[in-house]
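Hi everyone, thanks for having me. I'd like to walk you through a few spots in one protein structure, so please have it up on your screens.

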Amino acid sequence: MVVAADPTVLRGIPEFFENEIGEALAARTESLATFRELGPPDLCHIVKSNPKATGPKELGSYHFVLGADASSSATLAAYLNSLTYMLNQTPGKTNPWKVKSGTYCCFDAFSRVDVRVEVKIPGGVDSYLVDLRGDRHPIASMNIWQETFVSAVLRAIVDDNDEADGNDGHPLLGLRKIDPLTTVGAERRFLEAASLEFWKGWQLGSDPEIQVATYYSNHLTNGILKYFQDGGRLGEAAKFFADLGPSDQDVAAVLAKALLGTDEEIKAVKVMFEASKKLPVSYNLLLVQADFLMSKKQYERALKLVKLAVTYAPSEFIVWSKLTELYIEVGDYESALLALNSCPMFTYCERDAQRMPPPARTHLPLRPDSAALRPDQDPKSVPQANGSIFDENDPRENEVHPELQRLPSLTLRGTFLKAYNLLIRIVSKVGWDDLLKFRSLVFVMEDEYRIHRSIVEESKKGDDDDDDDAADGNDDDDDEQDGRSASGSAVRAAAAASGGRRTASPVADQRRAESAIPLESISLDDDGDMSSGRVTSAKPVTQPVSAGTSTSPSKTKSAIDELVKRASVEQGSPEKLSPKKGRAPNPRTETHRISLTFKHKRLCEKWLDNLFMVLYNDLRLYTALKQEMAQFKSQTATSSSSSTSAAANTSSALMYRKTGSEWEIYGDLAERLLHRDDAKEAYRLCLDQKLSTKAWTKLMHINAQEGHIQPCLQAIVKMVSLMDRTFDEHTFPSSIARCLFTLIKRHGLAKVQNALISMNVPTPSYRHITRYFEYAELFRVAGAEW
């Protein structure tokens, strides 16, 4: 670690020091070929020199940046030049270290090149680009800077590193975030550049649950919608997409979506109507119409549109997930499970990241805690520390039970996480027992499959015995024929009793049934009964259920013998079924079919069967936690009412005690299972034992969604003070701004400001929060005028 007064570090900026100068740039060059979408955060590399140093006279360091203006080489050179004034100063002394040179790397996601600006002090500015193979080329077109500018802003908008589970649960260290659009003029310039690059937006890729990027769903469109939606200004997004011209059905769909978000329903309906007349087969447009109908509680009409979208795009996950949501809303849980089972699942691809060599040392600047300072002590006079705010926690509070660390639900990403959330919605409405009941009604269970295989094996064994007896049937007398084993005849009799053909295997039966029902046969006039086979799977189902229990007690191993015995009684004794003497029996002359109890059922996909087990583990741990909490509360109430000794209360508290990290995991578990009250209680218990930005962020989001001003502002005050300690000064987009703007949209700016004043918060925290109020007034966030 670097000491606080080290003159080689930058003040207020995280840094990683290299073992060899330039190894960070070389590592980024090698990683260029792995960038698939928007690319990683920008890389800023600087070289510091001190000719009088006793050790190394030059040091190389780097940090990551999001939000810097990359519209030209001059703006990036200005950022590098600003770092020369941020070297750590020792009071009363001149810093002998100077910034010698710097290189800023910004990935152009449209042209798939890395734009780099190199500044030498003193000297000049050199800008060039590096392709995916690592070759260096001059920048021959000004269009490169426009693409780089749009790419840099989009990365800052869609970044979630400051969220509770940001960056897939692995927050990036050494990241400096800057507001990408600080003025209305800067926002206007970005929208102008984005409109010119809009028709190339599909090249940037899209969300993990989208298989093919379109104009409706890509990182450019999603980034613009997210930027204005988080700020409560979807009206500006509607103007942007309206200027593009709603001639394209995907543009019309996203325009209608933005209009619906601003309560311009009449305009949105007109846009959807005109676009539907031009091209009615756009599944994106159908989904927007379905969302509008769902908001009006018109589920039956929305169901017809979603089934039509499934017909037009059977390989897209979003249409099947929307179909599942509709079936959940109408209470058709059997069809919901079948639709969920038909969802095409995609392999999750992690975000673009650059692999860096291990640094020689790390500098993470940290301001001292103002609460720990003396009243007469100036915070600016205290040198900055080095480390993380989490270093102040007790190490014992970070201990977690192995069972909680290995929760499989924590590893779900992409389409699997979306499907798991749909499964949770079903169990939250019907309960675990009814969910198992619906699963056994629509999917082939393990016992049923085992019984079927046993019947098939018995049937084959009987056929083999008949073939062997038929070979020497002319040499046997009547007594030998009557004394023959009746097992094969009984099984054939059971098959004949069902009155049909014989099925070889359930997999073949399933494939034959699915291939016989095309997707075009989906009717828009029926009631959406998927169990009748009207909606088929988007891909062949080949995996049976690997786990689960049958709900019928009669489906046991003895059921096979009972079935054979019953069939023998109904069809007659083996003697009556024997062929005449002197004539070889021919079992092929009769039509046989084994009656299956699951002939109308589907085979459960392996991934869905695993999700059932994941849900079972979550529910088991949540139920155990609830029982423990209820027992603890009852013991506490009993002990307090009977005035028992304090030792008894202490022992019960010790039995109930968990670490702060365990309470944090329990809070995530309760929130995942849609139990917000329990989640808030677990997060509060976590904060009683340790400092956790994740718990504060979760409480802030939950209270903002519920409209609770006081608890949400308390969390915001704590978060801004923590961000100030880590020198994080960006305003928007951020999780704090999103929650605060949600309150402003619901209650108005004046009411939120007055509530904050009434809380009598410390002056530094109030000053930090006023930045968000000023942004809301400048950009006219919804609710800022009242």
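Let's start with Asp159 and Lys177, whose side chains meet in a salt bridge, 2.9 Å from N to O. By salt bridge I mean a side-chain nitrogen of Lys or Arg within 4 Å of a carboxyl oxygen of Asp or Glu. Asp159 sits in the loop between α3 (143-158) and α4 (166-169), while Lys177 is in strand β8 (residues 175-177), so this pair ties together parts that are 18 residues apart in sequence. The helix and strand names come from DSSP runs, numbered from the N terminus: helices are H or I with at least four residues, and strands are E with at least two.

Are these two buried or exposed? Asp159 is buried at 15% relative accessibility, and Lys177 is buried too, at 12%. Buried here means under 20% relative accessible area, exposed means over 50%, and partly exposed is in between, using a 1.4 Å probe and protein chains only.

Quick word on where this comes from. It's a predicted model, so local features need pLDDT of at least 70 and side-chain atom pairs count only at pLDDT 80 or more, while totals for chains, interfaces and linings use all residues. Residues are numbered from 1 along each chain as its sequence is written, and side-chain values use heavy atoms, with hydrogens and water left out.

Okay, back to salt bridges. How many does the structure hold? There are 36. One of them joins Arg28 and Asp114, with the closest N and O atoms 3.0 Å apart. Arg28 is in helix α1 (residues 23-31) and Asp114 is in strand β5 (residues 113-120), so here the parts being tied together are 86 residues apart in sequence. Both ends are at 0% relative accessibility: Arg28 counts as buried, and so does Asp114.

Now look at Asp135 and Arg133, which also form a salt bridge, at 3.9 Å from N to O. Asp135 is partly exposed, with 35% relative accessible area, and Arg133 is exposed at 70%.

There's also a group to find on your screens: Glu163, Lys226, Asp230 and Arg738 are linked in a network of salt bridges. Keep Arg738 in mind, please.

Let's zoom out for a second. The chain has 31 helices and 11 strands. Of its 786 residues, 50% count as buried. Take the contacts between residues at least 6 apart in sequence: 74% of those join residues at least 24 apart. Contact means heavy atoms within 4.5 Å.

On to helix packing. Two packed helices are described by the angle between their axes and the distance between the axes. The axes are lines fitted to C-alpha atoms, for helices over the stretch in contact, and angles run from 0 to 180 degrees between N-to-C directions.

Take helix α27 (residues 693-706) and helix α29 (residues 735-747): their axes come within 9 Å and cross at roughly 20°. That makes α27 and α29 roughly parallel to each other. The cut-offs go like this: under 35 degrees is roughly parallel, over 145 roughly antiparallel, 65 to 115 roughly perpendicular, and the rest oblique. This crossing of α27 and α29 is left-handed, meaning that the near helix is turned anticlockwise from the far one by less than a right angle; clockwise would be right-handed.

Which residues make the contact? Among them are Thr697, Met700 and His701 of α27, and Ser735, Cys739 and our Arg738 of α29. By class, this contact has five nonpolar, five polar and three charged residues. Ala, Val, Leu, Ile, Met, Phe, Trp, Tyr, Cys and Pro count as nonpolar, Asp, Glu, Lys and Arg as charged, and the others, Gly among them, as polar.

Click on Ser735 in helix α29. Ser735 is buried, at 3% relative accessibility. Leaving out residues up to four places away in sequence, Ser735 touches Asp162, Glu163, Thr697, Met700 and His701.

Last stop: α27 has another partner. Helix α25 (residues 660-672) packs with α27 at an angle of about 30°, their axes 10 Å apart. So α25 is roughly parallel to α27, and this crossing is left-handed. On the α25 side we have Glu664, Asp668 and Glu671, and on the α27 side Lys694, Lys698 and Ile702. By class, that contact has one nonpolar, no polar and five charged residues.
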